[in-house]
Amino acid sequence: MTSAAVLHPAATTVAELDHVLRRGESALRATAVPGGELVVPAAHLDGFDLRSWARDHCEDPQSRGRLRRVAGRATLPVRTACCVALAACTTARLTSAEARDTAVVIAGNNLALSHQSRAADAYAADPSAIRAGHLLDCFDTDALGAVGEVTGCAGEGWPIGGSSAAGTLALIHATRMVATGQAPRCLVVAPVNDLSPVETSAFVKAGAMARITAGGDATTACRPFDESHDGFAAAHIAAAVLIEPASHAYRRGIRPLGRILGSGTGTDGRRGTQPDTDGQIRAMRAALSDGCLAPSDIDYVNAHGTGSAIGDDSEAAALSAVFGTVEGAEGTAGEGPWVNSTKAILGHGLGAAGLVEAIATLLQLAGGYCHAHPQLTKPVRPDLRFVTDTIARTPLRAALSNSFAFSGINASLALGRTAEESSP
């Protein structure tokens, strides 16, 4: 991974993301759901302005103009995708010739549900109000075309769904393309997933999303792996990374962020929202095997950890099975890898979650720390080495980053530091 870019209400650059993680404070805020009295914890890009982002983050006037022309009237997911894609390509110092050969993978599906909901309401009120441009807005492929035009990347193009596992699946696909020579490099972009009030209400009713009372504390509402967990908090997150051989980056004077050592993915072969511990075990073990790693080589796990009771319990059982942690004296955690969940701080980016969490994992590997989880006071299992309310500062060699999704999609990445950092 030779460059990265992020967009989140609390972090608009990778350096800011690193700062947020080191600080270990929740970025969630109380958010009223339109059309009712429901209040949920969330991190939303309310009032996101593309022109302001371009002014603050894009120095090249031609790139700013192209960004405004291509994405100025697009949906929020497409606008955010174009911003992070442009930032990642600029950081990577890609030439125009290199960009033309660069493949693009868009992570996520059903990206603009909020826009679709508003469009349906507008049509119901006045059918003549719908503009022809809705033909682009209603398809996720708009992000692929817009990113290509903004960045100049014109290699293979792949929209990859997968719900909450989409970001990790996109990284796996990109890595395979580059490793097999199908593409010299691949830009992976995860746009914001913008839920409508319909999906938000359904998540709450299903017990998957947390809710709070009016005036409640949103910062403590998402509690992955705590006995009091009661659901996830949605976040507007966009991210982009460039995957290529490290030698290519060094020739351009770029120092890679880290390495993808291995990957594992599979499905449970059934419909529904119920997680499957065995499927999660298989994905993690496949990632270790693909990276020629033993469980003892992993110092840190960035867990999927959404904060839903059933999901956390399943993943905790899978982690215990893979790493064979042994309960310490008087019920204390054993000496397995450190475990935390970035969703406790940033919220759940849905399709973008796996991508931003891979970036967060590499930042922690490079920085020698595991971010705190201030809401974790009563862990669901005593045999796992959870990071709680204090940052863990420790040398880290390799990590796993997990993403698990509805319909039994399981994906895991083994990540490592750059080659020179890993040398004795």
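## Helix packing, cores and selected residues

The axes of H3 and H4 approach within 10 Å and cross at roughly 160°. Because angles over 145 degrees count as roughly antiparallel, H3 is roughly antiparallel to H4. Their crossing is right-handed. Ser 63, Leu 67 and Ala 71 make the contact from H3, and Arg 79, Cys 82, Cys 83 and Leu 86 make it from H4. The model described here is a predicted one.

H4 also packs against helix H8, which spans residues 141–151; the two axes come within 9 Å and cross at roughly 35°. This crossing of H4 and H8 is right-handed. On the H4 side the contact is made by Val 78, Ala 81, Cys 82, Ala 85, Leu 86 and Cys 89. The H8 side contributes Asp 142, Ala 143, Ala 146, Val 147, Val 150 and Thr 151.

Helix H2, residues 50–57, has Leu 50, Trp 53 and Ala 54 buried. These residues lie on the same side of H2, because they cover an arc of only 100° around the axis. On the face turned away from that buried side are the exposed residues Arg 51, Arg 55 and Asp 56. The buried residues of H2 pack against strand E1 (3–7), helix H3 (61–71) and helix H4 (76–92). Asp 49 is in the loop between strand E3 (39–43) and H2. The relative accessible area of Asp 49 is 35%, and this residue is therefore partly exposed. The C-alpha atoms of Asp 49 and Leu 76 are separated by 9.6 Å, with the two residues 27 apart along the chain.

The largest nonpolar core has 58 residues, of which Met 1, Leu 17, Leu 171, Val 188, Val 241, Ile 243 and Ile 359 touch the most other members. Apart from it lies another core of 40 residues, including Leu 7, Trp 53, Ala 81 and Leu 94. Not counting residues up to four places away in sequence, Ile 359 touches Met 1, Ala 4, Ala 5, Val 6, Leu 17, Ala 239, Ala 240 and Val 241.

Thr 361 lies in helix H15, residues 353–367. With a relative accessible area of 0%, Thr 361 is buried. Leaving aside neighbours within four places in sequence, Thr 361 is in contact with Tyr 300, Asn 302, Ala 399, Ser 401 and Leu 415. Thr 361 and Arg 417 are 56 residues apart along the chain, and their C-alpha atoms are separated by 9.9 Å.

Backbone torsions give two further entries. Most residues other than glycine have a negative phi. Ser 163 is not a glycine, yet its phi is positive, at about 55°. Leu 350, also not a glycine, has a positive phi of about 55°. Ser 163 is in the loop between strand E5 (157–160) and helix H9 (166–179), and Leu 350 is in the loop between helix H14 (343–346) and H15.

| Residue | Relative accessible area | Class |
|---|---|---|
| Thr 361 | 0% | buried |
| Leu 350 | 8% | buried |
| Ser 163 | 31% | partly exposed |
| Asp 49 | 35% | partly exposed |

Technical notes:
Residues numbered from 1 in each chain as written. Predicted model: local features only at pLDDT ≥ 70, side-chain atom pairs only at ≥ 80, totals over all residues. Heavy atoms only, no water. Buried < 20%, exposed > 50% of the residue type's maximum accessible area, 1.4 Å probe, protein only. Helix = DSSP H or I, 4+ residues; strand = E, 2+ residues; numbered from the N terminus. Arc of directions from axis to C-beta. Contact = heavy atoms within 4.5 Å. Core = buried A, V, L, I, M, F, W, Y, C linked by side-chain atoms within 4.5 Å. Axes fitted to C-alpha atoms, helices over the stretch in contact; angles between N-to-C directions. Parallel < 35°, antiparallel > 145°, perpendicular 65-115°, else oblique. Left-handed = near helix turned anticlockwise from the far one by under 90°.
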